Amino acid sequence: MDKLIDPLARQLTTRLKEAGFRPEQIVADKVLRTCYGYDATRQSAAPLLALLPENELQVQTILKLATEKNLKIFPRGAGSGMSGGAIPSADGIILSLTRMRRILEIDEDNMIATVEPGVVTGDLQEEVDKFGLFYPPDPASLAFSTIGGNVTENAGGPRAVKYGVTGNFVMGLEAYLINGEKITCGNKCIKSVSGYDLTSLLVGSEGTLAVITKILLKLLPAPETVKTSLLAFSSMTAAAHAVNAMFKYQINPSTIEFLDHHSINAVRSELPFALPEAADTVLLVELDGPEAQVENQSLKLNKLFKNDTLLLIAAKDESEREQLWLARRKLSPAIANIAPHKINEDIAVPLAAIPKVISNLEELSREINLPIVCFGHAGDGNIHVNVMLDKNDPDQAERGRKGIDEIFAITLEAGGTLSGEHGIGNTKSAYFDKEWDPVTIATMRAVKKAFDPDNRLNPGKIFPV
Ligand SMILES: Cc1cc2nc3c(=O)[nH]c(=O)nc-3n(C[C@H](O)[C@H](O)[C@H](O)COP(=O)(O)OP(=O)(O)OC[C@H]3O[C@@H](n4cnc5c(N)ncnc54)[C@H](O)[C@@H]3O)c2cc1C
């Protein structure tokens with residue numbers, strides 16, 4: 001073993017090998033350890049060790065050993081988190097769940113999948129599809145993020161407007177407390193009100209309460225068909241009214257994504273269809289369900305908006321559907337190309353507040369003299385706000401920092417929340433007490449203490465330091 005390895009890490013390695021861990025499950029080399037200490041926020045830190053358990057008994061062994069040595073544990077899925085949730089400290093251990101990736105059961109009769117936490121979201125969707133079943137949560141990271149990470153961040157995606165977020169599909173969990181003891185929450189029953197709802201408590205807990213080792217997920221029958229339309233409006237207010245009208249006239253889209261005018265300009269030249277110059281806001285609307293119902297709703301959508309839109313395209317087949325989705329799919333890479341160091345927040349506000357919040361953000365953009373690009377989920381109020389800056393320019397970085405303070409102030413003033421899907425992690429913890437009052441935070445801290453009295457499980461996340 002590398003001579004530079006800490007004597008404590010060496011001691012732990014010996015103990016783990018005695019307990020049956022194979023060498024490749026223990027990552028001690030400094031360079032390799034660092035590969036387990038990053039996430040999508042681009043923060044990075046090398047932990048003392050990274051450990052890759054393959055079953056729940058190995059998770060328990062790690063937690064018991066960490067308790068004996070009073071060490072910190074940082075659970076980790078694919079490391080695609082956008083709020084620093086999986087970032088370790090140098091004296092802590094990364095517990096990577098990616099090797100626990102078995103789909104244990106697809107119970108067709110009860111329409112429930114039982115999975116280990118390291119299963120990749122998209123893999124589960126493909127697998128249940130073979131049974132004519134459907135797992136709706138669709139974070140854009142589904143090709144690589146894990147179900148464990150989705151549960152602990154309560155991840156959402158475009159389909160949340162109709163189906164809800166990950167938490168709406170979690171029926172039960174098995175998890176290990178920091179001391180290595182196991183808890184069981186929930187079950188396969190649709191109605192289940194025996195005791196506190198610990199399942200819901202662990203959903204969105206950002207790896208701070210327990211290490212999740214097994215997850216029961218509700219499945220639905222796969223929709224018969226999907227139909228996609230793109231609508232361009234001359235103003236954000238007109239688009240917001242359209243969203244409202246859809247709900248009012250009982251059109252029930254599975255997706256209502258929006259792009260503001262900066263977003264439209266960023267992708268315009270890359271699209272296989274022309275977006276009108278006057279387009280200020282684009283909505284991408286998707287309907288799914290039984291064929292006749294979708295056709296009916298699609299006709300309704302067309303009739304309702306054909307006079308209010310600058311452009312309305314309804315995809316006729318899968319290839320046209322893919323073309324319309326390009327407007328959304330090309331967007332993140334396009335704006336990341338323009339400003340690689342942009343700051344991205346994922347605020348959520350009540351639906352009716354969207355136009356006002358966007359207009360306040362435009363005013364802020366002028367004040368701080370930095371473009372602010374907004375896009376996201378118009379159907380559920382979750383707005384991805386991107387402050388476009390060059391962080392190597394200290395003046396821009398400072399204006400950007402002030403901009404973020406203001407973005408959160410605007411959001412909270414509108415009755416919104418700091419995060420709709422990415423979580424608080426370590427990037428937003430300094431703002432947490434702007435959203436919640438001291439008594440509420442003290443109650444949350446008491447919950448944390450009940451699960452993790454010595455603050456050894458994913459410390460430094462959620463709560464202001
Ligand atoms: C390109 C891109 C697109 C994205 N799109 C979306 C999107 O549309 N919607 C969305 O919601 N998010 C999105 N994200 C963010 C991210 O993918 C999600 O938050 C995802 O749920 C994280 O999963 P992960 O496996 O990568 O978890 P990680 O980043 O590894 O960990 C996230 C948190 O979960 C904890 N954790 C992980 N596994 C466990 C476990 N088994 N037990 C206890 N704690 C655990 C970690 O400690 C950490 O706090 C996107 C990210 C990227 C890079």
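This tour goes from the shell around the ligand to a pair of helices. The model is predicted, so that local features need pLDDT of at least 70 and side-chain atom pairs count only at pLDDT 80 or more, while totals for chains, interfaces and linings use all residues. Residues are numbered from 1 along each chain as its sequence is written.

Select the ligand and its surroundings: 34 residues surround the ligand, the closest being Gly 77, Gly 81, Gly 85, Gly 149 and Gly 207 (a residue counts if its C-beta atom, placed from the backbone, lies within 6 Å). Colour this shell by class to find twelve nonpolar, 17 polar and five charged residues, where Ala, Val, Leu, Ile, Met, Phe, Trp, Tyr, Cys and Pro are nonpolar, Asp, Glu, Lys and Arg charged, and the others, Gly among them, polar.

Domain 1 (7-96) and domain 2 (103-221) each give the shell at least three residues, with bounds from an automatic or database domain assignment. Next pick strand 3 (72-76), helix 5 (147-153) and strand 10 (211-218), each supplying at least two shell residues; helix 5 gives the most, with five. Helices (H or I, at least four residues) and strands (E, at least two) are DSSP runs numbered from the N terminus.

Now select helix 13 (residues 354-368) and helix 14 (residues 394-413), whose axes come within 10 Å and cross at roughly 160° (axes are lines fitted to C-alpha atoms over the stretch in contact, with angles from 0 to 180 degrees between N-to-C directions). Helix 13 is therefore roughly antiparallel to helix 14, a term for angles over 145 degrees. Their contact includes Leu 361 and Leu 364 of helix 13 and Ile 407 and Ile 410 of helix 14, contact meaning C-beta atoms, placed from the backbone, within 7 Å. By class, this contact has six nonpolar, three polar and three charged residues.

Terms used. Parallel < 35°, antiparallel > 145°, perpendicular 65-115°, else oblique. Contact = placed C-beta atoms within 7 Å.
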